[in-house]
6 protein chains.
Amino acid sequence: MSGLQSRLESGADAKAAVLVEALPYIRSFWGDIVVVKYGGNAIGGSEDLDLFAQDVVLMRSVGMRPVVVHGGGPQIGEMLGRLGKKTEFRDGLRVTDAETLDIARMVLVGKVNREVVSAINRHAPIAVGLSGEDAALIMASERDPELGFVGDVDQVDPGIIHRLLAQELIPVIATIGTSAGGQAYNINADTAAGAIAEALHATKLVYLTNIEGLRRDVNDPASLVTTLSVDELEGMMSDGSLGEGMIPKVASCVAAVRAGVGRAHILDGRVPHVLLLEIFTREGVGTMVCP
Amino acid sequence: MSGLQSRLESGADAKAAVLVEALPYIRSFWGDIVVVKYGGNAIGGSEDLDLFAQDVVLMRSVGMRPVVVHGGGPQIGEMLGRLGKKTEFRDGLRVTDAETLDIARMVLVGKVNREVVSAINRHAPIAVGLSGEDAALIMASERDPELGFVGDVDQVDPGIIHRLLAQELIPVIATIGTSAGGQAYNINADTAAGAIAEALHATKLVYLTNIEGLRRDVNDPASLVTTLSVDELEGMMSDGSLGEGMIPKVASCVAAVRAGVGRAHILDGRVPHVLLLEIFTREGVGTMVCP
Amino acid sequence: MSGLQSRLESGADAKAAVLVEALPYIRSFWGDIVVVKYGGNAIGGSEDLDLFAQDVVLMRSVGMRPVVVHGGGPQIGEMLGRLGKKTEFRDGLRVTDAETLDIARMVLVGKVNREVVSAINRHAPIAVGLSGEDAALIMASERDPELGFVGDVDQVDPGIIHRLLAQELIPVIATIGTSAGGQAYNINADTAAGAIAEALHATKLVYLTNIEGLRRDVNDPASLVTTLSVDELEGMMSDGSLGEGMIPKVASCVAAVRAGVGRAHILDGRVPHVLLLEIFTREGVGTMVCP
Amino acid sequence: MSGLQSRLESGADAKAAVLVEALPYIRSFWGDIVVVKYGGNAIGGSEDLDLFAQDVVLMRSVGMRPVVVHGGGPQIGEMLGRLGKKTEFRDGLRVTDAETLDIARMVLVGKVNREVVSAINRHAPIAVGLSGEDAALIMASERDPELGFVGDVDQVDPGIIHRLLAQELIPVIATIGTSAGGQAYNINADTAAGAIAEALHATKLVYLTNIEGLRRDVNDPASLVTTLSVDELEGMMSDGSLGEGMIPKVASCVAAVRAGVGRAHILDGRVPHVLLLEIFTREGVGTMVCP
Amino acid sequence: MSGLQSRLESGADAKAAVLVEALPYIRSFWGDIVVVKYGGNAIGGSEDLDLFAQDVVLMRSVGMRPVVVHGGGPQIGEMLGRLGKKTEFRDGLRVTDAETLDIARMVLVGKVNREVVSAINRHAPIAVGLSGEDAALIMASERDPELGFVGDVDQVDPGIIHRLLAQELIPVIATIGTSAGGQAYNINADTAAGAIAEALHATKLVYLTNIEGLRRDVNDPASLVTTLSVDELEGMMSDGSLGEGMIPKVASCVAAVRAGVGRAHILDGRVPHVLLLEIFTREGVGTMVCP
Amino acid sequence: MSGLQSRLESGADAKAAVLVEALPYIRSFWGDIVVVKYGGNAIGGSEDLDLFAQDVVLMRSVGMRPVVVHGGGPQIGEMLGRLGKKTEFRDGLRVTDAETLDIARMVLVGKVNREVVSAINRHAPIAVGLSGEDAALIMASERDPELGFVGDVDQVDPGIIHRLLAQELIPVIATIGTSAGGQAYNINADTAAGAIAEALHATKLVYLTNIEGLRRDVNDPASLVTTLSVDELEGMMSDGSLGEGMIPKVASCVAAVRAGVGRAHILDGRVPHVLLLEIFTREGVGTMVCP
């Protein structure tokens with residue numbers, strides 16, 4: 001029985017164990033919608049993007065219905081620089097005049113969105129790029145006249161997303177919104193991801209970030225929070241223990257979970273295959289927000 | 001009976017006559033797919049674009065299924081200029097290196113496509129932007145190593161278009177193709193429109209141009225051809241009586257009609273509502289190519 | 001650019017304008033059910049009937065779902081005369097004995113209904129004649145023993161109409177009702193049209209008459225009412241300002257609009273293509289009753 | 001066990017035996033289309049009509065799909081008489097001018113058809129009257145200029161019948177045909193029944209007549225034929241052993257069976273419930289024509 | 001007219017009368033679900049089983065949807081005897097240890113169920129055997145630790161039954177239940193039949209027994225009850241006028257009718273074709289319990 | 001970054017690697033039918049059965065459609081022994097008289113089949129037991145009068161299996177066949193599995209055995225064959241290099257692959273999760289037969 005023996009030694013048992021561990025997760029997430037916010041920072045490194053694309057295709061392979069939302073701040077900034085266009089920031093938000101909006105849209109929809117779509121399509125030709133302007137997906141209005149064409153989400157019409165999901169496709173969304181009159185607005189991608197998850201009644205809303213997760217003490221790596229309730233998270237928001245850049249993500253997590261999204265996750269996008277590990281294994285990764 | 005009288009004077013009879021004239025056309029085109037190539041030149045003037053958008057929505061309103069394909073050469077050229085990127089032309093085709101491709105894609109998908117989608121959505125929120133890269137829509141390969149990332153269409157998978165049409169949406173397509181390995185290529189929009197019309201078994205393929213139609217003698221406005229057979233058109237191609245810029249359009253007309261597309265049209269996009277007039281009235285506009 | 005010029009002179013722009021005007025109406029009425037009562041008086045002149053048939057087919061062509069209800073009093077009277085059958089009238093209603101009923105049914109179903117069906121089918125073979133007796137469409141009971149087989153509508157089962165509409169056919173209904181026991185009754189066509197519109201939750205109920213519309217002062221052509229509310233109309237009914245013959249129409253308008261039918265219209269059937277003008281243009285024709 | 005005993009004496013066993021006999025027939029005819037030609041002669045006696053209606057509803061109850069076709073010669077003749085309209089006969093066919101056609105149509109569609117529909121609806125409200133003019137059911141053309149508006153069947157479009165059958169309704173058809181241009185024609189009902197059975201690929205075509213069946217010797221009741229092949233029947237047609245009035249029926253039987261109809265039957269409509277006996281029992285009734 | 005005469009004498013009229021009597025029943029039970037409990041006692045005699053099978057197939061033939069539930073006490077007892085396995089009874093219930101359960105299941109599912117399925121399939125191959133363990137059909141739990149693996153029904157999931165009925169198949173159910181953890185239990189078949197009828201919202205629940213029906217006085221054959229209300233039946237249960245063996249049947253009748261089952265019947269399974277007679281004729285057989 | 005570090009050390013990367021390896025297999029087998037023959041020998045050990053059940057449920061979880069076929073020779077033999085029933089063997093086949101058949105069926109359907117169904121249902125309540133007698137699944141006839149009720153498969157009607165698969169259930173099949181007349185036959189389970197795989201056009205046919213796979217030299221463990229063509233396998237059958245007990249399996253592999261089944265596998269059922277390893281990993285296990 002040396003053949004059997006050698007097989008065991010070659011790791012067959014270990015492989016079987018991983019598959020068996022994944023079984024109840026695969027079954028329980030069948031058909032579930034997961035909205036994944038993929039940050040603009042992460043898009044630079046094409047290897048990371050490739051691993052991410054592979055994970056999303058795998059989720060789709062086992063019956064989940066991922067929806068990708070992405071930003072693109074760094075890429076917009078770089079293009080503005082190349083074109084010699086100066087922009088001003090107020091409270092961390094870029095003042096967006098008509099030309100800036102035009103460039104932002106061009107970069108988000110024509111460059112960043114395309115790169116994410118291409119990365120997925122290299123694994124399986126099932127990604128379709130969308131802008132929030134398509135088929136009334138993201139209706140928006142001006143946030144503040146001083147900020148120009150920076151918009152707030154008024155309403156999400158998830159019809160086009162449901163149609164694509166029903167065809168087993170993966171929507172990849174650039175977060176440009178539109179008014180009824182056809183004026184485009186630039187929308188914060190973290191906020192848009194939360195609003196889309198709400199409108200879809202998603203099972204999960206996942207933020208892929210460049211931190212390990214939330215910390216109770218921002219300076220203490222050992223204070224990483226693995227699970228917390230939406231009430232506790234709201235407490236952390238108000239007591240100022242969170243970094244500035246986390247606020248749109250965290251506020252969207254709170255709003256989405258309060259509105260019926262099952263779970264929100266803040267994961268470390270730098271860990272290879274972090275989506276697979278979170279969803280299909282018992283490995284604790286990042287921070288999970290429960291109702 | 002003065003009320004009736006005044007009504008007649010106010011043009012009611014004339015209105016009724018137009019509606020009655022349109023009836024058999026509306027009925028007979030019910031459900032038909034019409035591929036409309038809208039040129040990059042035409043996109044600049046936003047009023048023209050608005051009239052075009054209105055026509056396309058009207059076609060959809062009465063049960064036709066329009067598919068819009070657009071180019072964007074002038075807009076790409078302008079952006080290359082702003083970025084100080086020099087490009088070379090060979091035989092009228094732009095030599096396209098990786099950076100040029102990136103910019104071309106960004107402009108086509110992120111700017112020109114968006115403007116067409118927005119223009120339609122101002123009338124009814126039913127346009128959805130697509131790139132040929134989405135869901136394996138346009139598979140392409142390199143035409144000539146010397147031209148860089150200029151591609152020829154290998155295959156059109158019309159699945160995603162059919163899905164959107166089935167949902168009563170209007171696909172608006174930027175003609176970037178992709179290889180199986182995920183390499184993008186810039187595709188001539190006239191050629192792509194013909195290939196898409198073939199793959200969809202369209203009833204009509206319409207080119208909106210800035211000329212009145214084909215002329216037997218390019219210098220004689222009186223030599224406008226209103227109807228000709230695909231054989232005659234092939235004759236005109238080979239005897240050199242057509243201008244250089246018309247060749248991709250005319251070759252695509254020939255190929256599409258030979259492959260089963262019902263009719264091909266070369267219309268003057270400068271005439272207001274030329275699409276409506278062509279489709280729903282007996283007015284003779286432009287040149288029609290029959291099998 | 002003389003070609004373009006001549007085109008404009010030939011009325012192309014005017015045609016385009018009519019089509020553009022019709023656009024929002026066509027879109028908004030898509031799929032809507034419109035019940036049209038066509039009077040027996042109007043049926044005599046075959047040219048009028050042909051124009052009417054054309055209008056109904058056009059409505060169907062652009063996605064509306066017309067349902068035609070017709071009377072036939074003059075034709076019944078003429079046949080009774082030819083057969084030497086004398087009938088008595090009480091309060092304007094014909095006393096209907098068994099033989100009279102038999103003749104009335106024969107004329108309505110076998111002659112008038114057939115003429116309307118044929119007129120439509122000459123444009124498109126999509127009309128199907130129905131009697132209220134078919135598939136329990138109009139259940140009725142005796143109004144008054146002294147009137148014999150004159151019936152009141154007890155219930156409308158719109159099942160067979162919905163089935164035909166779902167198949168893109170045009171039902172043409174003769175208003176003979178039936179009791180559960182199989183006794184036929186002659187039903188006032190104006191009243192039946194209202195009851196059918198109610199049962200179908202129609203968008204519009206249209207009476208084609210031989211007057212221009214309602215007048216506030218029956219003798220003053222200038223007092224034509226173009227729009228009024230159902231409350232105002234009820235006021236006009238009770239203050240006696242309406243002619244006798246208008247009562248069943250007006251009462252049915254009131255009942256139908258109160259029961260959820262969107263709009264009721266009293267139009268002048270003598271105006272060519274009055275249905276098209278009312279539905280697809282901004283021309284004010286006849287009287288419209290709103291909730 | 002006296003209760004059981006009395007039950008047996010009361011005929012329970014005999015009833016069970018009939019039900020058990022009917023079982024294999026009911027199962028095997030499930031979903032089958034049976035075209036029944038019901039003669040105008042038979043319609044006079046309302047008791048016979050009621051038994052016929054009951055049989056048709058029973059067939060429908062057990063999953064068969066009956067289609068009724070009827071004539072109405074005697075009723076047309078009577079109405080022509082009442083109206084003092086004289087008509088000429090040539091070769092046994094009524095010369096049909098425009099007025100005669102109008103009266104024939106009125107009687108067939110408005111009187112005879114209504115009586116059959118009513119008779120069925122008294123048992124279950126599932127009958128729907130049709131004329132061959134409805135929805136292009138019977139397309140016809142002139143047989144002979146000398147005969148006027150007497151038509152031959154050019155084509156049967158069974159679409160409307162299939163739609164009604166799919167809704168578990170019973171179509172009752174008056175055999176008026178129509179040209180594409182809308183001209184009505186009177187059609188022999190026996191011939192029309194055969195053409196309809198062919199177009200529907202019916203399982204059975206049944207003629208209810210006032211004879212017991214076909215006889216080899218027309219004067220000898222003992223020569224009744226119970227079963228014969230379509231070849232034998234053709235032989236009988238050519239050797240003159242059939243009565244004049246049987247020719248359209250017999251010719252239609254031959255044509256229908258040759259065109260794929262499973263069986264044709266000539267039954268004695270005077271036997272109560274003859275349809276039930278033929279279909280659901282082993283009783284030999286009338287004449288059956290096999291391929 | 002001697003042919004007609006002889007036909008009448010041969011019983012054609014009587015046959016027609018039975019068919020006509022059955023008509024309203026067949027029509028009214030179309031699509032209805034009838035749960036039939038077939039007792040283990042009855043299964044021995046293969047001729048009785050064959051008649052029963054024929055009745056069930058006939059019901060299915062005319063559009064009813066029968067569901068068969070069976071017991072098998074005698075067969076289990078016999079097998080235990082052959083295997084020399086002794087069992088104890090408490091309050092009329094068999095104490096069921098693991099081995100007894102295994103044997104009971106084997107006999108019920110592998111022998112009795114198979115015989116019923118085979119008997120039906122000899123008439124039409126549409127029976128499918130089920131155990132309550134299949135697809136979570138009967139979830140059960142221990143009734144009393146002293147009785148071992150005797151179970152009470154906790155829940156019936158009728159999904160698998162509906163799926164088979166939708167395919168025009170006849171489910172034949174052996175009443176083994178299961179816990180969520182996979183432990184099998186033996187379930188009283190009378191009780192299970194009632195619970196299944198409730199879960200299916202059956203029109204009828206029929207017990208085939210070896211008595212004529214319920215008697216008011218158990219010793220007086222003349223006191224047979226043909227119809228009674230569920231309240232009256234509950235009275236008979238509490239006043240002790242019913243035999244011991246009838247209690248599970250009667251209690252299930254009460255529970256099922258209270259839970260919405262239309263009618264419950266206790267019939268004499270020894271009467272040939274008793275199911276047909278009950279359902280399709282006016283013969284009074286057995287006892288009917290109404291709401 | 002110690003958290004990330006510890007995660008890597010805890011095997012997260014290894015887990016991710018297994019999931020990524022499984023991805024292309026899961027995707028490519030989506031919707032595929034796999035027929036798994038599970039041997040009677042294997043059923044004894046309930047732990048093995050539990051692992052097998054888990055594997056089958058996992059396959060179903062990721063969209064495959066497993067169909068289980070089982071034997072039960074040892075269990076039949078044991079029950080015959082307990083009942084003191086002696087049986088004779090001819091050429092390795094049990095002579096099966098009526099009583100033996102009855103017992104074999106009872107054990108296969110009532111005991112072995114139940115155990116497999118229960119084992120699956122403990123993981124998810126989606127197994128449904130079938131006998132080849134249900135709904136005409138396996139039609140069979142006598143192989144040899146001397147062998148009694150031992151049958152050969154004449155035809156497989158996979159209708160009931162397709163219906164259950166369409167409902168996402170797992171059919172578990174005991175291989176009793178039936179003649180049209182209702183006579184049951186015992187069928188070799190290896191042969192039946194092949195015939196079922198053919199009828200279903202299965203992607204894979206898998207035999208779980210108690211050997212490691214086929215050997216070129218039956219005595220040399222090192223001669224294990226991992227892949228061979230159907231032609232090579234046929235060669236091995238004819239040159240006698242296979243053990244007697246392997247013949248039905250091997251012959252069925254040959255027949256099934258020749259008839260269009262994609263692959264046949266002979267796996268070692270003693271390896272834990274061997275089905276998962278074969279299907280979802282690159283581990284070489286057992287012997288694969290290709291076209």
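This is a predicted model: local features need pLDDT of at least 70, side-chain atom pairs count only at pLDDT 80 or more; totals for chains, interfaces and linings use all residues.
Two residues are in contact, in what follows, if their C-beta atoms, placed from the backbone, lie within 7 Å.

Consider chains F and A. Their contact takes 33 residues from chain F and 33 residues from chain A. On the chain F side, the elements that give two or more residues are α1 (2-9), α2 (12-29), α4 (46-61) and α11 (274-280). Which of these gives the most? That is α2(F), with 11 residues. Sorted by class, the side of chain F that touches chain A has 19 nonpolar, seven polar and seven charged residues.

I turn now to chains D and C. Here 33 residues of chain D are in contact with 33 residues of chain C. At least two residues each come from α6 (98-121), β5 (127-131) and α7 (159-166) of chain D. The largest share of this side of chain D, 12 residues, belongs to α6(D). By class, the side of chain D that touches chain C consists of 15 nonpolar, nine polar and nine charged residues.

How are these two copies related? Chain D is superposed on chain C by a rotation of 180 degrees, with 0.0 Å of shift along the axis and an RMSD of 0.1 Å. The two copies are thus related as by a two-fold rotation axis. The residue of chain D that comes closest to this axis is D:Gly110, whose C-alpha atom lies at 1.9 Å. Moreover, 100% of the interface residues of chain D are also interface residues in chain C, so the copies meet through the same surface.

Some pairs of chains do not meet. Chain A and chain E do not touch, and their nearest C-alpha atoms are 16 Å apart. Likewise, no contact joins chain D and chain F, whose closest C-alpha atoms lie 16 Å apart.

Helix α8 (residues 189-199) and helix α10 (residues 247-258) of chain D pack with their axes 8 Å apart, at an angle of about 10 degrees. An angle under 35 degrees counts as roughly parallel, and α8(D) and α10(D) are therefore roughly parallel to each other. In this contact, the residues of α8(D) include D:Ala193, D:Gly194 and D:Ala197, while those of α10(D) include D:Ser252, D:Ala255 and D:Ala256. The residues of the contact divide into five nonpolar, three polar and three charged.

Leaving aside neighbours within four places in sequence, C:Ala264 is in contact with C:Leu205, C:Cys253, C:Ala256, C:Val257 and C:Val289.

D:His273 is placed in the loop between β13 (263-268) and α11 (274-280) of chain D. F:Glu168 lies in the loop between α7 (159-166) and β8 (170-174) of chain F.

How values were computed
Residues are numbered from 1 along each chain as its sequence is written. Chains are lettered from A and ligands numbered from 1 in the order in which they are written. Helices (H or I, at least four residues) and strands (E, at least two) are DSSP runs, numbered from the N terminus. Ala, Val, Leu, Ile, Met, Phe, Trp, Tyr, Cys and Pro count as nonpolar, Asp, Glu, Lys and Arg as charged, and the others, Gly among them, as polar. Axes are lines fitted to C-alpha atoms, for helices over the stretch in contact, and angles run from 0 to 180 degrees between N-to-C directions. Angles under 35 degrees count as roughly parallel, over 145 as roughly antiparallel, 65 to 115 as roughly perpendicular and the rest as oblique. Copies are superposed by least squares on the C-alpha atoms of residues with pLDDT of at least 70 in both.
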